[in-house]
Amino acid sequence: MMTDDEKLWYRDATFYEVPVRSFYDSNGDGIGDFRGLTMKLDYIKSIGMDCIWLLPFYKSPLRDDGYDISDYYSILPEYGTTEDFEKFVEEAHSRGIKVIADLVLNHTSDQHQWFKEARSSRDSKWRDWYVWSDTPDKFNGARIIFVDSEISNWTWDHVAGQYFFHRFYSHQPDLNYDNKEVREGMKDVIRFWLDKGLDGFRCDAVPYLFKREGTDCENLPETHAYFKEIRAMIEKEYPGCILLAEANQWPNNAKEYFGNQDEFHMNFNFPLMPRIFISLSKEDSFPIENIINETLPIPEKCDWGVFLRNHDELTLEMVTDEERDLMFREYAKVPKMRLNLGIRRRLAPLVDNDRSILELLHALIMSVPGSPIFYYGDEINMGDNIYLGDRNGVRTPMQWSFDRNAGFSHADSEQLYSPVITNPNYHYESNNVESMSRLSTSFLNWFRRMIIVRKQNSRVLGRGTIRFIGSDQKQILAFIREYGKEKMLCVYNLSRSPSYVELHLPEFNGWHLREAISSVRFPDIGELPYFFTLPRHSYFWLIMEAPDENS
Ligand code: GLC
Ligand code: CA
């Protein structure tokens with residue numbers, strides 16, 4: 001049994017997002033698989049990741065990379081068998097790594113047996129498992145999400161002789177959560193996988209489960225109520241397991257998914273993510289500071305998942321038109337870089353592979369409130385390929401070495417599920433785990449060190465409060481994290497130019513400062529404002545010690 005404190009593991013954890021398909025191919029068919037992923041667990045451990053988030057690995061026609069599930073109870077054959085999956089979870093656990101998996105509740109594939117039955121006859125018991133209409137006019141307050149490929153949330157089904165509702169692709173019919181069997185059926189899916197040892201779920205597309213006429217069909221009370229039921233079930237039957245929400249919403253709506261500590265344990269901080277890039281581009285700390293203030297406070301046992309990139313486009317749905325224009329101007333100069341309301345690029349190319357910026361951004365998401373969630377490959381500054389369709393350009397094979405196929409697979413290159421990255425600036429011959437591990441100054445080794453520092457300070461950075469320290473230098477972001485007696489001062493220079501700043505810290509007169517990574521002592525804080533000079537795109541993490549300690 002876990003203690004109450006152990007159940008809060010997610011608050012101090014580092015997360016690593018991994019598509020099975022992309023990580024390592026053990027049998028040379030060109031497609032990553034569970035055995036391959038298991039073989040690479042020591043690597044995941046070596047970069048200090050506490051929890052793996054698996055992208056969908058269920059049976060699927062793969063028209064949305066597995067988010068179109070055709071059988072919730074079986075594993076895509078290319079990825080391996082149920083035994084391979086169980087072995088993977090067991091091996092992860094034996095290394096102290098937890099595993100959560102994607103749970104796609106909102107919709108199924110149109111190839112799912114439920115949908116095939118549903119469309120076949122109005123009398124089928126499954127008909128009511130989906131959302132049908134004779135006209136495409138219902139729920140027209142619901143926005144279209146995949147605006148580049150869909151013109152309506154309704155598609156005519158010639159077999160059914162009716163329209164069906166879909167929030168995403170037209171091959172992804174939405175389930176009808178007003179149907180009790182659907183609600184209960186999904187709870188069985190949850191139990192099935194938790195019984196196999198998973199430590200929780202990343203719940204896909206949570207705001208859209210219920211639909212009501214006259215609303216935008218997002219964040220409805222019924223949807224919250226259903227997730228509360230799931231949470232109660234988890235508390236009772238699977239204590240210590242977590243639910244992480246994908247609820248891409250404005251701060252107030254996003255916060256609601258924590259409920260009163262009785263809904264989601266975690267939620268991605270979608271509001272913060274684009275504003276980090278906006279702050280960087282404007283050399284102005286305000287967007288970050290402002291949005292962090294807006295996304296706090298949250299209930300004590302809940303936490304944000306903070307991230308820079310993921311397997312989707314960098315979404316710009318929840319920013320103003322002006323902010324979106326700025327983002328496109330700065331980060332998506334070529335039309336092919338855009339998709340729907342977002343930017344389909346990886347982190348390193350987004351910032352022109354600028355090492356200082358990459359370090360700054362990573363340090364930032366490791367030091368703001370929330371648990372950092374990293375996307376596979378970003379620790380080796382992987383590049384992308386905007387000429388691949390949809391979001392495939394950010395889902396290319398992991399780069400292990402300078403061998404054939406980046407060491408990902410023994411298959412013929414033509415057989416790979418996706419080409420590897422060969423653009424000279426990001427070529428796998430240099431951007432790979434083996435080469436970067438050997439180079440003491442590589443980004444990968446910097447990342448490893450930072451994760452260790454983050455872990456040494458996991459209480460204050462994982463659970464501490466945040467207080468911003470204002471100054472007259474808008475390009476400087478400064479805050480103090482505080483947890484009990486532990487305090488850390490973090491200072492970031494968001495500017496392309498060197499900067500100075502005077503921080504007023506009167507209540508800390510006499511305190512000592514120690515740089516967190518090197519342990520170098522800085523001058524004590526005195527009566528006068530504390531003066532910093534910072535090279536462009538740089539930062540300090542400083543541990544604050546009260547005058548009576550170690551003096
Ligand atoms: C989520 C996933 C995305 C998928 C969509 C539809 O937004 O992150 O990859 O396409 O849901 O399931
Ligand atoms: Ca394989």
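Let's start with a contact: an N or O atom in the side chain of glutamate 246 is 2.8 Å from an oxygen atom of ligand 1. Keep in mind that this is a predicted model. Below, we'll look around the ligand, then visit a residue in a helix.

**Contacts with the ligand**
- Aspartate 312 gets involved too, with a polar side-chain atom 2.5 Å from an oxygen atom of ligand 1.
- Then there's arginine 391, which has a polar side-chain atom 2.9 Å from an oxygen atom of ligand 1.
- On its own, ligand 1 has 300 Å² of accessible area, and the protein covers 96% of that.

**The surroundings of the ligand**
- There are 13 residues around ligand 1, and the ones that come nearest are Asp64, His107, Asp204, Glu246 and Asp312.
- Sort that shell by class and you get seven charged, three polar and three nonpolar residues.
- As for the space that ligand 1 takes up, that's the largest cavity.

**A stop at phenylalanine 328**
- You'll find phenylalanine 328 in helix α11, which covers residues 321-331.
- Is phenylalanine 328 buried or exposed? Phenylalanine 328 counts as buried because its relative accessibility is 12%, and the cut-off for buried is under 20%.
- Now pick out tyrosine 539, which is 211 residues away from phenylalanine 328 along the chain.

How values were computed:
Residues numbered from 1 in each chain as written. Chains lettered and ligands numbered in written order. Predicted model: local features only at pLDDT ≥ 70, side-chain atom pairs only at ≥ 80, totals over all residues. Heavy atoms only, no water. Near = heavy atom within 4 Å. Polar contact = N/O pair within 3.5 Å; in protein donor to acceptor, adjacent residues only side chain to side chain. Areas by Shrake-Rupley, 256 points an atom, 1.4 Å probe, with all protein chains shown as cover. 1 Å grid on protein atoms, 1.4 Å probe; cavity = no way out; pocket = protein on both sides within 12 Å on 5 of 7 lines; lining within 4 Å. Sits in = over half its atoms within 2 Å of the grid points. Nonpolar A, V, L, I, M, F, W, Y, C, P; charged D, E, K, R; others polar. Helix = DSSP H or I, 4+ residues; strand = E, 2+ residues; numbered from the N terminus. Buried < 20%, exposed > 50% of the residue type's maximum accessible area, 1.4 Å probe, protein only.
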